[in-house]
Structures are given as structure tokens and as C-alpha cells.
Amino acid sequence: MKKVLDVFKNSFKVIRKSKLIILFIITSLVNSFMLRGLTSGNIFSIKAFFVDLVLLFLLSYISVFLKPKQRFTYFLIWEIIFTLTCVINSIYYTYYSSYVSISLLATSVFVKDVGDAVVENVFQIKDLLYLIPFAMFIIIYIRMRKSNVVSISKEDKKEYTFVTLFLEIIVVVSALLMLNKTDWSRFVKLWNRVAVADSYGIYTYQLNDIVVSLKPGFNNIFGHDKALREVREYYENRDDTISKNRYTNIFEGMNVIAIHAESLQTFTLGLKVNDIEITPTLNKLSREGLFFNNFYAQVGVGTSSDSEFTYSTSLMPSNNGTVFVNYYNNEYSSIQKLLVDKGYYTFSMHGNVGDFWNRQTMHKNLGYKKFYSKSSYEIDETFGLGLSDKSFLRQSVPKIKEISEEYNPFYGLLITLTNHTPWPDSDKYSSLNFTKTVNVDGEEVTRNYIEGTTMGYYLKAVNYMDSAFGEFISALDNEGLLDNTVIVIYGDHDARIAKKYYDILYNYDPYTDSIIPMEDEKYIQVDSYQYELNRKVPFIIWTKNRKFNQTINTPMGMIDVLPTLGNMLNVRSKYQLGTDVMSVKNNDNTVVFKDGSYITNKIYYNSKTGEIYPISNDVISEDYISKHSDYASQIIDVSNNIITYNLLKEMETE
Ligand code: GP9
Ligand code: MN
């Protein structure tokens with residue numbers, strides 16, 4: 001017993017000596033804390049604190065075996081890695097409300113321009129705060145070196161090994177006791193990156209992400225059989241009855257022109273600012289057509305490309321990188337291929353470079369016979385990321401005309417570009433003025449309101465895109481291309497405009513030049529739930545000769561498009577995971593998001609916090625929540641297994 005006590009006493013002497021190690025641990029902990037505080041807000045996550053300690057103690061322990069000089073370099077390298085991890089994740093979180101994945105590196109090559117645009121408009125001073133502890137580490141080390149307190153003598157090493165191992169065991173056991181089953185499954189699956197970082201700390205999260213990102217490489221060795229079994233079981237056990245409805249086959253054999261409307265959100269439809277309609281064309285089409293006004297994109301980090309994938313295949317996006325970049329060679333069943341089997345000619349058009357999001361390759365794999373990218377267009381007018389929507393759509397009409405003369409029927413996708421964040425040129429192509437002039441105490445004062453704000457730029461860009469649609473529709477009509485054609489328009493994902501701008505848009509009072517008080521009956525709540533619910537994008541199906549005048553508010557996701565539109569075109573994928581919402585009873589469809597959150601017509605379930613937000617006044621049972629959570633994880637798992645292990649190729653040849 002005395003021996004143990006001696007070791008203990010000595011060990012604290014050793015700790016006092018190992019200032020460099022303590023410095024490393026403290027500065028790394030501070031950054032991890034700060035990042036949680038400035039991103040998810042979950043600063044005092046005791047779990048994350050202990051897991052951070054587990055990792056930092058481990059790294060410190062290894063340092064004992066290094067020479068003093070090496071030891072500083074060793075810690076310096078880790079300080080640089082950890083500081084960069086915090087800075088990059090801080091920037092990334094501002095735009096994506098999630099943490100970065102190494103698997104994105106491959107992607108970044110394909111989306112460099114967007115990356116630059118995002119950093120340029122998202123980078124904030126707070127992202128530099130993490131350099132302070134790093135600088136402290138350097139400064140204090142230089143001071144310490146002068147007083148030569150960095151070396152650990154031979155005899156100390158034994159004590160030190162004891163101390164770190166002892167502490168390591170304490171923190172490992174504590175961490176293990178704190179982390180529950182959900183934490184573990186989240187850690188392994190890594191869909192809910194924020195929850196994982198909140199439970200395991202940003203450093204362990206990032207290390208785990210590296211492992212998971214590299215896993216696909218060895219996947220076919222590990223996990224393939226289990227994945228195949230699970231996916232087979234899912235399709236064998238699910239109710240596959242095809243329910244017909246009054247929209248079944250109504251568009252069979254008609255041409256389809258689908259418009260992928262960049263960053264178009266539903267709240268802009270019907271919106272008036274200073275009595276100016278922001279989207280007159282879309283308002284008309286949504287009034288006359290089938291307007292799905294409770295429709296959500298289900299994207300991951302692949303944004304546009306994830307929308308194209310979920311729309312085309314009715315599978316959820318990959319949770320590990322993006323399908324278009326990381327799994328572009330795998331086998332998929334898509335609406336394009338199904339229509340080709342029915343004699344359709346399929347094509348896609350986009351004014352940006354062809355290999356953006358690796359579209360050149362992936363569009364072939366989705367079943368497009370031809371992809372018209374930037375090189376097929378005259379770049380005579382550019383806004384933001386490239387060719388203006390008006391020029392792109394104008395130049396596309398004669399191409400579609402040509403196709404229609406050679407092929408019948410045809411299915412074409414047109415991907416717009418101008419309405420892409422950060423809308424840098426909106427003042428060039430929009431004459432809208434969002435200032436407000438009011439008479440205050442007999443004096444005319446002009447308030448900026450949303451003029452010159454992100455919201456102002458966005459609404460001008462949306463208005464421009466809307467008028468481009470108007471010109472496009474009439475040009476198609478002039479060419480007689482609308483008579484036997486279905487126009488489909490979908491917003492690809494939300495524009496990620498900060499919550500504060502919605503508050504200004506809805507609750508600004510020009511007379512007092514301030515936001516009206518929450519108590520005011522006219523006040524429109526824009527809390528984090530409203531913000532999530534407001535990320536809706538429009539989905540419109542319109543034909544010139546048949547007016548539906550119908551709004552469908554059944555919750556619907558991008559993966560429900562293939563089943564719903566497919567039913568109207570008489571095509572069906574046996575692997576579709578979505579639902580034909582025109583056959584859903586009592587509007588009760590579930591829209592799942594890639595992090596496991598979901599929306600029904602009764603609740604919004606936030607998987608990050610585990611909280612539910614009531615949408616209807618129904619009483620919600622635990623059973624209802626767990627049933628829908630299970631459904632959510634099941635379709636995310638089935639999708640990811642199909643994508644990661646390329647299972648359809650195998651299942652098709654069975
Ligand atoms: C780029 C465009 C934008 O060509 O489709 O993609 P996003 O950044 O929205 O994924
Ligand atoms: Mn997009």
C-alpha cells in the first residue's frame with residue numbers, strides 16, 4: 001500500500017513537470033469546447049469532454065517515448081491537426097449545419113467554384129478564434145523551453161506511465177458508462193454527424209469519419225453479406241402492392257421536361273414584397289397544375305447532385321460522401337432508365353462545366369442518352385457561377401425542338417444555375433427595389449428593409465429565375481412543344497438563408513425601423529423548428545392543355561417523386577423506397593432526412609436533439625415516434641447499403 005501511495009505522490013510531481021503535455025491537453029480541450037459552443041451549442045457535453053480526454057491522454061502517453069525535441073514536434077503536429085479540424089468545421093457548420101467529412105475531399109475537386117463562393121460568403125471572424133489556443137501553445141512552449149522543463153527523465157517515465165494509464169482507465173470507463181446504445185449506433189453509422197461530435201468530441205468524430213470514409217475501400221470485404229441480407233429482407237418483407245389512383249397513367253407516353261430549379265424554396269411562391277409578386281410565373285403554374293406545397297428535398301452534402309439522385313432513383317442520398325462522386329459507377333434503377341425501356345429518348349442540359357458533380361459520368365449511369373453541358377452552349381451572358389438562366393433556357397429551346405423532331409417521346413432535365421448562393425450579381429439582372437419609404441412624423445424616410453441583405457439578393461434571383469421560366473414556357477409553346485408535354489418543376493434544396501433574415505422579411509416595421517415584438521399578433525414566429533419546416537421546396541406538375549388546379553399538402557420528399565410521377569407515366573422501379581403520395585390515405589406520409597430526422601403530417605422529429613415538434617394537434621404516442629424512427633433508419637440503411645455495396649447489380653442478376 002505504501003508503495004502505491006509513493007507512486008501516487010511521485011506521479012503528481014511528474015504531472016507538474018510535464019507542462020508541455022498539460023498545455024497540449026488544455027489548448028486542445030478549449031478548442032473542442034469552443035467549437036461545440038459556437039456550432040451545435042452543446043458546449044457542456046460531459047460525454048464529449050471525457051472522450052476528448054481519452055484521446056488526449058492516449059496521445060500524451062505516446063509522447064513519453066519520444067525525445068524532448070521530437071515530443072514538441074509531435075504535439076505541434078497534433079495542435080495543427082486539431083486546430084485545423086476546428087477551423088474547417090467551424091466554417092463548414094455555418095453553411096451546412098453539420099461537420100465536414102473526409103469523404104468530401106474527392107468531391108471538393110468537382111465543386112471548387114461553389115466551395116470558393118461558400119467560403120467567401122460564409123467565412124467569419126469566429127472561425128479564427130481557434131488560432132488563439134494554438135498561438136498560446138506556441139508562446140508558452142517557447143517560454144518553457146527557456147526554463148528547460150520539457151524533458152522527462154528515465155525514472156519519471158515509469159511514474160508517468162502509471163499516471164497516464166491510471167487516468168486513461170478512469171476516463172475510458174467514465175466515457176463507456178456515459179455513452180449509450182444510441183450513441184454507439186450513431187458512431188458506427190455516422191449519419192447524424194452533429195450528434196456524434198456532441199457525444200464524442202470533434203477530434204474523435206473526425207478520426208472516426210476518416211475510418212468510415214476509408215471503409216468503402218474495404219467494404220466488399222467487411223459487411224457486404226450482412227448488407228445484402230438486410231436489403232433482400234427489406235424488399236421481400238415490404239408490402240409491394242401497387243395501388244392505382246385517378247392519376248394512374250394519365251401522362252403515359254407524353255414528353256416530359258423537368259426543370260431542376262436551383263435553390264428555389266416554396267416560401268417565395270405567393271410572396272409579395274412592396275406589393276411586387278416575387279414569382280408570378282410559378283404562382284400561375286402552381287395554381288393551374290398539381291402543386292405539392294409540403295415537399296422537401298432530402299439532400300446530404302451532395303446538394304444538387306443528391307437531389308438529382310433521390311429524384312431519379314427514389315433512394316436516400318449516401319451518408320458517406322456523395323453518390324455522384326464516390327459511387328458513380330454502381331448500378332441504379334432510375335426513372336430515366338425505366339422511360340428508356342418504354343422507348344423514351346432521355347437527355348439532360350446544364351450551363352455549367354460537364355464534370356461539375358461528375359455529371360458527365362453519372363448522367364450516363366442514370367440513363368441519360370445525352371448530356372448538354374457548358375460546351376454545348378454559347379456563353380454569352382454569365383451571372384454568379386456561370387451561364388445565365390435566361391440564355392441557357394433560350395438556347396435550350398431549339399435543341400429540344402431538334403430532339404422532338406427526331407425522337408418521340410422524350411424526357412429531358414434542365415438544371416438552372418443563376419439562383420445559386422451567394423447571388424452576387426442579382427442587382428445586375430433585377431430592377432426590384434426592396435427598400436421601404438414611409439412617412440414618419442411628416443417626414444419621408446427610406447428604410448433598407450431587406451435591400452442589400454442575403455434575403456434581398458435571393459428574392460431578386462428567384463424573381464429573375466421565375467421570369468426566365470415564363471420566357472421558356474412561352475418559347476416552348478411558340479415551338480408547339482407544349483401540346484403533348486408535361487412540365488415538372490422542383491426546387492433542388494433550400495438556400496440556407498440565415499434565420500435572422502426571415503425575421504426581417506416577415507416582422508420588420510419600417511415606422512420604428514425595428515422588428516415588431518413577439519407579442520404582436522402580426523408577429524410570425526421564425527424559431528429553429530419553423531426554420532426547418534420552412535426549408536420546403538416546390539414541386540409542380542403542369543400541362544398546357546389540362547388544368548388540375550390542385551394543391552397537395554401531403555408531406556412529400558424527393559424520393560416520393562419517382563413513385564408519384566412514375567405512376568402517372570406508368571413506370572415503376574422495384575427498388576423505389578418512396579411512396580406515391582396520390583395513393584396515401586389521410587395525408588400521412590413520412591419524409592425522412594439523411595440525419596434520421598423526419599416529418600409526418602403530425603410531427604417534426606429532430607434526431608439531433610431527440611425532440612418532437614407538433615404539427616397537428618393529435619396526441620402522439622411513444623409508439624408512433626419509435627415506429628417512424630425505425631422506418632427512417634430502415635430506408636437510410638437500405639439506401640446506404642445499396643449504394644455502398646452496389647447491391648442492385650447483384651440483385652438484378654439473381
Ligand atoms: C453546379 C450546380 C450547383 O453546377 O448544380 O450545385 P450545388 O452547389 O447546389 O450542389
Ligand atoms: Mn443546388
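Which residue forms a salt bridge with K390? In this predicted model, in which local features need pLDDT of at least 70, side-chain atom pairs count only at pLDDT 80 or more, and totals for chains, interfaces and linings use all residues, the partner is E471, with the closest N and O atoms 3.1 Å apart. Residues are numbered from 1 along each chain as its sequence is written, and side-chain values use heavy atoms, with hydrogens and water left out.

A salt bridge is taken here as a side-chain nitrogen of Lys or Arg within 4 Å of a carboxyl oxygen of Asp or Glu, and by this rule the count comes to 20. The pair of E471, in helix 19 (residues 454-478), and K390, in helix 17 (residues 389-406), links distant parts of the chain, 81 residues apart; helices are DSSP runs (H or I, at least four residues) numbered from the N terminus. A further salt bridge joins D427 and K460 at 2.9 Å, N to O. K460 is buried, with a relative accessible area of 2%, whereas D427 is partly exposed at 47%, where buried means under 20%, exposed over 50% and partly exposed in between (1.4 Å probe, protein chains only).

Around ligand 1 there are 12 residues, the closest being T303, S304, H350, R359 and H420, where a surrounding residue has a heavy atom within 4 Å of the ligand. An oxygen atom of ligand 1 is 2.6 Å from an N or O atom in the side chain of H350, and a polar side-chain atom of H493 lies 3.0 Å from an oxygen atom of the ligand.

Note on methods. Chains are lettered from A and ligands numbered from 1 in the order in which they are written. A polar contact is a pair of N or O atoms within 3.5 Å; within protein, one must be able to donate a hydrogen and the other to accept it, and residues adjacent in sequence count only if both atoms are side-chain atoms. Helices (H or I, at least four residues) and strands (E, at least two) are DSSP runs, numbered from the N terminus.
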